[in-house]
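Thanks for coming. Please have the sequence and the model open while I talk.

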Amino acid sequence: MHLRVPRPRSLAGQLFAMQAVLIAVVVVGYALFSYISDRGQAEEAAGRQARAVSLAIADSPSVAEAIRTPDPTARLQPYAVRVMQDTDVDFVTIMNPEGIRWTHPDPKQIGHPFQGHIERAQRGATFTETYTGTLGPSVRAVTPITDDGRIVGLVSAGIKVEEISKRAQEQLTALSGVAAGALLLGAVGTYVINARLRRHTHGMNADELSRMHDYHQAALHAVREGLLMLDGQYRVALINDGGRELLGVRGDVVGASVADLGLPSQLTGALLASEPRVDEVHLAAERVLVVNTSPVSGGERRGTVVTLRDVTELQSLTGELNSERGFTQALRSQAHEAANRLHTVVSLIELGRAEEAVEFATAELELAQALTDQVVAAVSEPVLAALLLGKTAQANERGVELVVSQDSRLDDGLLPPSLPARDLVTILGNLVDNAVDAAQGAVPSRVTVAAYTEASGVGGSELVLRVSDTGAGVDPAHADLVFQRGYSTKPAGEGGRGLGLALVRQAVRRHDGTLTVTEAEGGGARFEARLPLGDAGRGGSAPAGATGGRPRSGGAV
């Protein structure tokens, strides 16, 4: 046999029971107070009524006249009964000055002494008291009857306490009906309110709500993804640790408007949008974020739930994968060209022109080696050298000539560990891709790359990466807009446009560098990124005069 452990009463049920008990206690307490108060008032009213009746009888001339007769009872008994009926009192007793009854509701008691105090009345005073006589406890008044200044008799009129209690009970019954109605109304109202509360708490009791809150807090701070909840006025209602880190916000931002968080304008616009956003890529201060928003509504807009995922590394890996894909396509194209050249050499040999075949093959080898030697001599840093060789092949495939400037000089091992190769690939790779896109179709179609280090104005050294093209250039009015996500002068392609230069600016800012765009010599655009190296790059500075003639104005970020 299994014992069934009773489930704890829900919070709504506990509140309902507490409120019902509270209302019942208040009503019962008020009823008891009212009963005691009404009973006291009823006794006071009965005393006043008895006093008024006794005074009226004492002042009646017929009573004094009857007392002077040989048999006062014969005339006073019918009179007393009639007064009792007319004034709604329980007894009227008229007696001689010594207290012997002349009248009584029970004729058998006539002639017997009055049960009660009469001393004060015998001295000429009227008083009231509560006394237990032949009819039981009663509230009575005793008054002297005077004739020519002499006390010739006494009269007492009274109302039984039982009748007084009946009057109070009648009032209590009415009060009890009102109290029952109030209790019923309160119970119904409490039930309705608590039924609504039960719906909101899903029938959970206080312990379950407390436990769920603990789980909620633990889960909220454990997940690495960012979670942001906004209320109906787009104020921060909740933000977890991951959200603070991804958005780069500090301090207590709960209650602050999204517009006051200092986020990039496009990210702020996405958070303020009324329609849902699904897997949108946005840039924060130092990260690439995938943003999803979902409005919370229930008849009216209640807020927005925002989830944030950090795809900074994924975006970098995607860029590297695209570069590798480009390298693969370039190698495939070069393999195709190499096969054509090999067929040419074989054909020349078959035709008996071996010397011409040797000359042709030697010239192709010298051309390829010259390109490699040129790049490696200028930039011996392995990552950048490999990147430039791959980008050169890609540019050639698109009909664009990629040239490494003669003033480039970047020795191997010069860059500090604080400047990872992935960021260099992001910066230089995106600048070259953007320049190749701009130069494609232009006459001439050329992209010039320069990479070197030079002393900075604040001490130490800095890495300079400069990419120029022969394209249409950048409108000076848009010098800052080109670095914002989504801005592009080219038609949108697969995956959208306008992210590359935004990633470049983000990487440059991450290393406290500067990024500028100016007009290149002969037209086109010149992008220049400067990254501080501290004291690490002093041995690889550019040759004297290498920086001469390079404009430094325009589009600083």
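**A surface patch, and then the rest**

Let me start with Tyr191, which is partly exposed because its relative accessible area is 47%, and buried here means under 20% while exposed means over 50%. Keep in mind that this is a predicted model. Tyr191 sits in helix α5, residues 161–201. Together with Leu184, Val188 and Val192, Tyr191 forms a nonpolar patch on the surface. The accessible area of those four residues together is about 400 Å².

Now the overall picture. The protein has 557 residues, and 40% of them count as buried. Its secondary structure comes to 13 helices and 14 strands. If you take contacts between residues at least 6 apart in sequence, 58% of them join residues at least 24 apart.

How confident is the predictor? The mean pLDDT of the protein is 75, and 75% of the residues reach 70 or more. Confidence is highest in strand β1, residues 91–95, with a mean of 90, and lowest in helix α10, residues 354–378, with a mean of 63. Over residues 491–497 the pLDDT is below 50, and this stretch has six contacts in the model beyond near neighbours in sequence. Residues 537–557 also stay under 50, and there the model has 55 contacts beyond four places in sequence. Where pLDDT is low, the predicted coordinates should not be read in detail.

Is Thr143 buried or exposed? Thr143 counts as buried, because its relative accessibility is 2%. You will find Thr143 in strand β3, residues 136–147. The side chain of Thr143 makes a polar contact with the side chain of Ser54, at 3.0 Å. Leaving out residues up to four places away in sequence, Thr143 touches Ser54, Leu55, Ala58, Thr126, Gly153, Leu154 and Val155.

The second one is Leu267, in helix α8, residues 265–272. Leu267 has a relative accessible area of 0%, so it is buried. Which residues does Leu267 contact, apart from neighbours within four places in sequence? The answer is Leu247, His282, Leu283 and Val291. Take Val291 from that list: Leu267 and Val291 are 24 residues apart along the chain, and their C-alpha atoms are separated by 8.5 Å.

On to charges. The structure holds ten salt bridges. One of the salt bridges is between the side chains of Arg446 and Glu401, at 3.5 Å from N to O. Arg446 is partly exposed at a relative accessible area of 32%, and Glu401 is partly exposed at 40%.

Another salt bridge joins the side chains of Glu454 and Arg530, at 2.5 Å from N to O. Why does this pair tie together parts of the chain that are 76 residues apart in sequence? Because Glu454 lies in strand β11 and Arg530 in strand β14, residues 525–534. Both Glu454 and Arg530 are buried.

Arg530 has a salt bridge to Glu528 as well, side chain to side chain, at 2.9 Å from N to O. Arg530 has a relative accessible area of 4%, so it is buried. Glu528 counts as buried because its relative accessibility is 3%. Through shared partners, salt bridges join Glu454, Glu462, Glu528 and Arg530 into one network.

Last, some backbone details. A cis peptide bond joins Val443 and Pro444, with omega about -5°. Pro444 is in the loop between α12, residues 421–439, and β11.

Asp148 is not a glycine, yet its phi is positive, about 55°. Asp148 lies in the loop between β3 and β4, the latter being residues 150–160. With a relative accessible area of 77%, Asp148 is exposed. Tyr234 also has a positive phi, near 60°, in a residue other than glycine. The place of Tyr234 is the loop between β5, residues 226–231, and β6, residues 236–239. Tyr234 is buried, because its relative accessible area is 18% and the cut-off for buried is under 20%.

Methods:
Residues are numbered from 1 along each chain as its sequence is written. This is a predicted model: local features need pLDDT of at least 70, side-chain atom pairs count only at pLDDT 80 or more; totals for chains, interfaces and linings use all residues. Side-chain values use heavy atoms; hydrogens and water are left out. Patches are made of residues with over 30% relative accessible area and no salt bridge: like charges are joined within 9 Å, nonpolar side chains (Val, Leu, Ile, Met, Phe, Trp, Tyr) within 5 Å. Accessible areas come from the Shrake-Rupley method with a 1.4 Å probe; for residues, only the protein chains shown count as cover. Helices (H or I, at least four residues) and strands (E, at least two) are DSSP runs, numbered from the N terminus. Buried means under 20% relative accessible area, exposed over 50%, partly exposed in between (1.4 Å probe, protein chains only). A polar contact is a pair of N or O atoms within 3.5 Å; within protein, one must be able to donate a hydrogen and the other to accept it, and residues adjacent in sequence count only if both atoms are side-chain atoms. Contact means heavy atoms within 4.5 Å. pLDDT is the predictor's confidence in each residue, from 0 to 100.
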